[in-house]
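Please look through the sequence and the model below before reading on. The briefing that follows takes up how two chains meet, and then what lies within each of them.

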Amino acid sequence: MVPMVSRLRGSDEVYLCGRVMPVSFKDTAAIAGIGLSRLGRHLPESQLELAASAFRQALDDAGLSRDDVDGLSVNFGWPLGLDYDRIAESFGLDIRYVNQTWTHGRFVTMSLQNAAMAVSAGLADVVACVTAASFTRAREILGGPGDMEGYREEGGTHGENPPYGLTAPAGGAALAMRRYMALYGATAEQLATVAITLRSHALLNPNAIQKTPLTLADYLASRLVVAPLRLFDCCLVSDGAAVVLVTSAERARDLKQPPVYISGMQGLRSGRDEFIFAPPGLGINQQGPGRVTPKPRDQDVYAMAGIDRGEIAALYTYDAFTPLVLFVLERFGFAQPGEAAAWIQDGRIALGGELPVNTSGGLHSEAHVSGWNSIVEIVRQLRGQAGPRQIGGAEFLQWATVWGDSVVFRR
Amino acid sequence: MDADAKPLPRITQDNRPFWEACRRHELRLPHCTACERAFWPPSPLCPHCFEPAVEWRRVSGRGTVSSFVVVHQKWFPAFAADIPYNAVQVELEEGPRLTSSLVGIANDEIAVGLAVEVVFDDLSEEITLPRFRPRP
C-alpha cells in the first residue's frame, strides 16, 4: 500500500519496483519502541549486555518480538561501540537490511534517517537503531594515542591536528568558541547557562548520571580542559546503550504505543563552509567569514514537516560541548548569528521556557549514549511519558545538530 | 601509533609538497593557475573554480591568529610536559587558514587578530613543523 504522499515541490513520485512510491518520506516512518539500559560510569556490564537490556526493553515497549526485527542501523561500531554483525549473531537476529556509519557522533541523524528511509522503501519492516557505548573503558581512544579518528582528521572538518597536540574533539569546539567570543563578545558566564540548564533538566530525570545542581560558581571554578572550555563545558564520559525501533507509520499504528512520526528530515551538510563544531560563517578552517543566516535549503526540515520553526516545542541536540548548543540555535535560525549566547539567558532553553533544550539532561548531564538518549527522550515527550519533565501539549519536537542535519518528530 | 612519542604529520600523496617545502624552510600552498587563488587543504582541483591547474607556490608566511586554544588536559603522554600549551589557527595573508602553534609568546598574551609569521621547527631529518611567532 502506498503511504500518504505529501507534495512539497515539483514532481514527487517515482516509479519503483512496479509501484508508485512517494519521494517524500514525510510521516511514512515512525518510532514504535524505545529502550535504554542503565546509565553510569564504569559499569560492569559489557556493551553487549547493555545493548541486550535496551533491546529487550524496546521490543517489550513496542509489543514486538525479536523475529520482527529485520534491519539494523548502527552509527557507532568498533572500536568504540558494537558492530552490526556482532549484534545480529549475539541476539540471534535474521537481518536483511544494514546501515553502519563510521564511529562518530556526526552520523546519529543519518543512522536514524536511513532506518526511516529503509522501512519506507520496503527494504525492512522494523529497523533497530542500536547504540552501545562504554566510554569509561575507552579513555585511550578518546583523544589519546588510540584515537585513529583524530589522526585521520589531520586538521580536517573536526579540527584535530595531532602533531600540534590538538588530539581530541574538545579542541575543535574550543577553537570555535574562542573565535565566537572574540567576534561577538560572548562570555564564560553566558556559556555557563547551557551547562546549568542541562544539569537542571537532569535533576528531573531519575536515569540521569548527574544528581546534583550546578551553580555558576561551580562552573567557573571547574578546571580548564581546552581553554576556553572548562570541565563542565564537556559532556559526560559514560556507559550505556539505547535502542530505537523504527517501522512504517502504517505498522506503528497497530502496535502497543502511540507512534512518533518522522515528519521532516534534512541531511548532513559538507563543504568548505562547514566545520563540524561551528555554524557556517564563523571562520574556522576554511569557512567563509561573516554572519550567515539560514538559507531556505538549510530549513528543509520544516518545509518537509509542513510547519514553521515556531511550532517546535523543544529542541534536542548533540551537546558534546556546551558551545554546540549556541551554534545549533543559530544554524537553524532560532537565534541570530552571534546572538545565541545572550538569547539563551533567563530560562529560555529551560523546561518551561520558550524553547527547552535537551530535556533529559543530554550528553552533558544524563549520559553520553551518542545522542540516542535524547532521541529516546523525544519519544517519551511526544507520548506524554516524560513525568516531571513533560512539556504540555507538545506536538512537534526537533532533533538538530550543529553540523546541519535534523529530524522533526510529530505525535 | 607510538603512545610515548608525539604524533608526526601523516604525509600523503596529496600533501607531500607541503611537507617537502617545510623541510627546506619554505611555506608553500597549492595555488590555482586559472583563478590565481591559494587554497587548503591540498587538492588536484581548484576548490574555487574547479580547474585542474594547481601549482605549489611559496607564500609570505605572514598572517593573523584567527582562533586559538590552550590545552590543559593530558590526552597524549608525550604532550604532558608541555601542558598548558597553545594551538592556533592562522589566517595567512593569501587566504587559507592553517592549524599550528605559537612560539615566543606567553599563552595569556595570545589574542585573535595577533599578527604572526612562520618559523620552522625541525623535528627530525624528515619532518619540519611550521609554527608561528608574533611579528614585530
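Two strands are said to pair if DSSP finds at least two bridges between them. By that rule, strand S7 (residues 224–227) of chain A pairs with S3(B) in the antiparallel sense over two bridges. Please keep in mind that this is a predicted model.

**Where the chains meet**

- On the side of chain B, 37 residues are in contact with chain A, and on the side of chain A, 36 residues take part.
- The two chains, B and A, bury about 3,300 Å² between them, and 57% of this area lies on carbon and sulfur atoms.
- The elements of chain B that give two or more residues to the side touching chain A are strand S3 (62–71), strand S4 (85–92), strand S5 (97–100) and strand S7 (128–134).
- The largest share of that side, six residues, comes from S3(B).
- Sorted by kind, the residues of chain B on the side that touches chain A are 23 nonpolar, 11 polar and three charged.
- The count of salt bridges between chain B and chain A is zero, whereas the rule for polar contacts finds 16 residue pairs across this interface, with both residues at pLDDT 80 or more.
- Within the pairing of S7 of chain A with S3(B), the bridge partner of A:Val226 is B:Val71.

**Strands within chain B**

- S3(B) also pairs with strand S6 (residues 115–122) of chain B, in the antiparallel sense and over three bridges, and here B:Thr64 has B:Ala115 in S6(B) as its bridge partner.
- S6(B) is in turn joined to S7(B) by seven bridges, and these two strands run antiparallel.
- In that pairing B:Val118 has B:Phe132, in S7(B), as its bridge partner, and a hairpin of five residues joins S6(B) to S7(B).

**Chain A as a whole**

- The secondary structure of chain A comes to 13 helices and 13 strands.
- The radius of gyration of chain A is 20 Å, close to the 22 Å that the globule rule gives for 411 residues, so chain A is as compact as a globular protein of that length.
- Taken along the principal axes, the C-alpha atoms of chain A fill a box of roughly 55 × 50 × 45 Å.

**Salt bridges**

- Over all chains, the count comes to 26 salt bridges.
- In chain A, A:Lys256 forms a salt bridge with A:Asp60, and their closest N and O atoms are 3.9 Å apart.
- This pair links distant parts of the chain, 196 residues apart, for A:Lys256 lies in the loop between helix H8 (249–252) and strand S10 (260–266) of chain A, while A:Asp60 lies in helix H1 (residues 47–62) of chain A.

Conventions
Residues are numbered from 1 along each chain as its sequence is written. Chains are lettered from A and ligands numbered from 1 in the order in which they are written. This is a predicted model: local features need pLDDT of at least 70, side-chain atom pairs count only at pLDDT 80 or more; totals for chains, interfaces and linings use all residues. Side-chain values use heavy atoms; hydrogens and water are left out. Contact means heavy atoms within 4.5 Å. Buried area is the accessible area (1.4 Å probe) that two parts lose on being put together, summed over both. A salt bridge is a side-chain nitrogen of Lys or Arg within 4 Å of a carboxyl oxygen of Asp or Glu. A polar contact is a pair of N or O atoms within 3.5 Å; within protein, one must be able to donate a hydrogen and the other to accept it, and residues adjacent in sequence count only if both atoms are side-chain atoms. Helices (H or I, at least four residues) and strands (E, at least two) are DSSP runs, numbered from the N terminus. Ala, Val, Leu, Ile, Met, Phe, Trp, Tyr, Cys and Pro count as nonpolar, Asp, Glu, Lys and Arg as charged, and the others, Gly among them, as polar. The radius of gyration is taken over C-alpha atoms; the globule rule is 2.2 Å times the number of residues to the power 0.38.
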